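Student: Hi! Could you walk me through this structure? I'd like to start with the aromatic rings.

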Amino acid sequence: MKLIYSPLYTIEVAHKFKTEKFEKTCALLIKNKIIKEEKIIEPEMPREEDLLLAHSSKWVKKILDMKINPADELTAEMPINKEVIFAHLLHCGGTCKAAEIASKEGFGLHCGGGAHHAHKNYGAGFCLINDLAVASKKLLKENPALKILIADLDVHQGDGTAEILSKEKNIFTFSAHSKNIYPEKKAKSSLDLEFEPKTKGTEYNEAVYKNLCSVFEFFKPNVVFYNAGADVYEKDTLGDLSLSFSDIEKRDQMVFELIKKHSAKAVVTLSGGYAQDIKDTVKIHYNTIKKAIEVLKEI
Ligand SMILES: [Zn+2]
């Protein structure tokens, strides 16, 4: 089983977004023999023409020239240096690679990605390049007959993805998120499902299941990008929902079983995760990858 990951995802900078979570998740998957070390695939840098599928030429130039200014850092809410830009580009390349593997093998797993707040012209909410938008548009360009669903189950709305893909008839954006937290100004996804603070796992999973079933029925996607947000967790410091580890495992299982039932291909990305104890975030990401393999390996 292949897993896309790069050690360059880890950046030594003090920030709420603990980049070492990817490294720790990958190490745990190898340690527990879920993934063999030789099956780790390092992503390549995305091509400029791919970035331009989702972002403006002005923003792509700023990124590739590495000329981000303090105002950009303020909007993205993080310090940005060359190492950070390089890592974000690699995350984008990683999701593109996962999509390529999914096309050939049924599913592609990325131990990274999910930068759903990055907009067409600017970075936001710790995200610089919207890997979900770039990779889905790239896939659609290569095969225009595809119908792609982006199922974003991060606790925050996938506002950047919704904005960038708003005019794509063959890409459906579904965002299930908490209503009163970031981003303050919500975008309009193809379908938005909003939750009240403190919503419990059973209610959350039932509502997500019902809505996803409807989307599968009428949109009939043949590729699903599943952005498995870890920040729906009850102890997340930036989320306000009340899902336990077991609720999140049930969520993941439900999503993967729906994908399998409808014979769609799956691209999995890992977003969010700001638990006080990084071990909790790692456990959630680990469980997502493990569950994906358990359910999808027979595709
Ligand atoms: Zn989030």
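Student: Which residues form one aromatic cluster?

Tutor: Y5, Y9, F17, F22, F126 and Y274 do. Rings of Phe, Tyr and Trp (its six-membered ring) pair if their centres lie within 6.5 Å; planes under 30 degrees apart are stacked, over 60 edge-to-face, and the rest tilted. By this rule there are 11 aromatic pairs. In one of them, the ring centres of F17 and F126 are 6.5 Å apart and the planes are at 55 degrees, so that pair is tilted.

Student: Before we go on, what am I looking at?

Tutor: This is a predicted model: local features need pLDDT of at least 70, side-chain atom pairs count only at pLDDT 80 or more, and totals for chains, interfaces and linings use all residues. Residues are numbered from 1 along each chain as its sequence is written, and side-chain values use heavy atoms, with hydrogens and water left out.

Student: Okay. Where do F17 and F126 lie?

Tutor: F17 is in the loop between β1 (3-4) and α1 (20-31), and F126 is in the loop between β3 (107-109) and α6 (131-142), so the pair ties together parts 109 residues apart in sequence. Helices (H or I, at least four residues) and strands (E, at least two) are DSSP runs, numbered from the N terminus.

Student: Is F126 buried or exposed?

Tutor: F126 is buried, with a relative accessible area of 15%. Buried means under 20% relative accessible area, exposed over 50%, and partly exposed in between (1.4 Å probe, protein chains only).

Student: What about F172 and F218?

Tutor: Their ring centres are 5.7 Å apart with planes at 80 degrees, so this pair is edge-to-face. F172 belongs to strand β5 (residues 171-178) and F218 to helix α8 (residues 201-219), so parts 46 residues apart in sequence are tied together. F172 is buried at 9% relative accessibility, whereas F218 is exposed at 56%.

Student: New topic: which residues hold the zinc ion?

Tutor: The protein donors are D154 (OD), D154 (OD), H156 (ND1) and D231 (OD), lying 2.0 to 2.8 Å from the zinc ion. Donors are N, O and S atoms within 2.8 Å of the metal (3.2 Å for Na, K and Ca); water is not among the atoms, so sites may look incomplete.

Student: What are the angles like at that site?

Tutor: They run from 52 to 149 degrees among the 4 donor atoms, and the site is irregular. Four donors are tetrahedral if all angles lie between 85 and 135 degrees; four are square planar and six octahedral if opposite donors are over 155 degrees apart and all others between 65 and 115; anything else is irregular.

Student: And where do D154 and D231 lie?

Tutor: D154 is in the loop between β4 (148-152) and α7 (159-164), and D231 is in the loop between β7 (223-229) and α9 (245-261), so the pair ties together parts 77 residues apart in sequence. Both D154 and D231 are buried.

Student: Last one: which residues touch the most other members of the largest nonpolar core?

Tutor: Of its 56 residues, L3, L149, F174, V208, L212 and I259 do. A nonpolar core is a set of buried Ala, Val, Leu, Ile, Met, Phe, Trp, Tyr and Cys residues joined through side-chain atoms within 4.5 Å. Helix α8 gives the most to this core, with 8 residues.
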